[in-house]
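Hi,

Here is the model I promised to pass on.

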Amino acid sequence: MKVSSLFLAAILLIGLAACSSKDKVPAFRESPGSEGSERIIVGFSQIGAESAWRIYNTKDMQAAAQKAGIQLLYTNAEQKQENQIKAIRTFIMYQVDVIVFVPIVQDGWRNVLVEAKDAGIPVIVCDRKINAEYDGLYAGYVGTDSREEGRQAALFLRDKYKGEECQINVFELRGTDGASASDGRIEGFRDVLDKDSRFRIICSESGDFMRSRGEEIARKILSEGKGFRIGGENIDVVFSCNDGMTLGLLDVLEKHGIPTGVGSPVTVVTVDAQQEAVDRLKEGLINCVVECNPEQGDVVMDLAKRLARGTEIPKSTIVVGKVFTEYDDLSGLARRKY
């Protein structure tokens, strides 16, 4: 028999208190279900709230759980893997039906996944992937194809510079190293551009998916006093693994009067497609935005129900995104929710 909702909520308040320095109490949602029926309980560990994309991804997951009649136990790991591992272990201790987590990095999950498997609790990996060596320890993955997102960014650049024979210097702004979203986008980006000798990556730096880091990196480049150049070479292209870092970088460049985007010497390509980035695209300050679709909740909750009934799920479920470019008519594009 499942632990009652009120009791489970109470013990989670104690058991997860150490998981966050700022949000010491995890959010607990009780969703309506059929009268007299036992509701499915899903434990959800999110990596943080570092961007508009991430905040909306969490809200989408919570709304989907409520709509599906699922009780969702939510914790914010604040970008710390150790907090996620603590949260997952607490979910195991209190016998949730399914565990869902967004892994901050790809490595370091074996022990806790073995514990979940031994407890008979299926796990869904969401949004970011983990290493293939853990394939037998989780039920399935739900999220976008980060490698394809990187490929789409590079394909736009290849088409944009079609017919030009000059060298094109690329500044690459990575996300968190070890995170599949960053690693996959970089791999996909290079899959395409490595085959085109005109493109040369003159610098690659990690901004940890943070807007503040994008600002810091831009200030660091400009502090050399040679404009938006690295090692004395012009930056022709900025490829950024997420909108947050891109927007931070652009904020600083704009303050220093350095133009970007359509008609400027600096082409900007970014991934996520949050509203602020789409607005900059419409203004001509960004050239291409590759969407990483945050609306994954309905798919996750449907799969969680199937797992709770003992049904197998696909090993990988890809959520598809779009690509928006300077050549598109964006006048009819609906405002985004993030």
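A quick definition before the notes: buried means under 20% relative accessible area, exposed means over 50%, and partly exposed is in between, with a 1.4 Å probe and protein chains only. Bear in mind that this is a predicted model, where local features need pLDDT of at least 70, side-chain atom pairs count only at pLDDT 80 or more, and totals for chains, interfaces and linings use all residues. Residues are numbered from 1 along each chain as its sequence is written, and side-chain values use heavy atoms, with hydrogens and water left out.

Helix α2 first. Helices here are DSSP runs (H or I, at least four residues), as strands are (E, at least two), numbered from the N terminus. By that count α2 covers residues 52-68, 17 residues in total, and spans 24 Å from first C-alpha to last, close to the 24 Å expected at 1.5 Å a residue. (The expected span is 1.5 Å times one less than the number of residues.) Its buried residues are Trp53, Arg54, Tyr56, Asn57, Thr58, Asp60, Met61, Gln62, Ala64 and Ala65. After α2 comes Gly69, with a positive phi near 75°.

Ala116 sits in α4 (residues 110-118) and counts as buried because its relative accessibility is 0%. Leaving aside neighbours within four places in sequence, Ala116 is in contact (heavy atoms within 4.5 Å) with Ile92, Ile99, Ile121 and Val123. Ile92 is 24 residues away along the chain, yet its C-alpha is 6.1 Å from that of Ala116.

Val192 belongs to α6 (residues 180-193) and is buried too, at 7% relative accessible area. Not counting residues up to four places away in sequence, Val192 touches Arg151, Ala154 and Leu155. For Arg151, 41 residues off along the chain, the C-alpha separation from Val192 is 6.2 Å.

Finally, a helix pair. The axes of α7 (residues 211-222) and α8 (residues 243-255) come within 6 Å and cross at roughly 40°. Axes are lines fitted to C-alpha atoms, for helices over the stretch in contact, and angles run from 0 to 180 degrees between N-to-C directions. So α7 is oblique to α8 (under 35 degrees is roughly parallel, over 145 roughly antiparallel, 65 to 115 roughly perpendicular, and the rest oblique). On the α7 side the contact includes Arg211, Glu215 and Leu222, and on the α8 side Met245, Asp251 and Leu253 are among the residues involved.

Cheers
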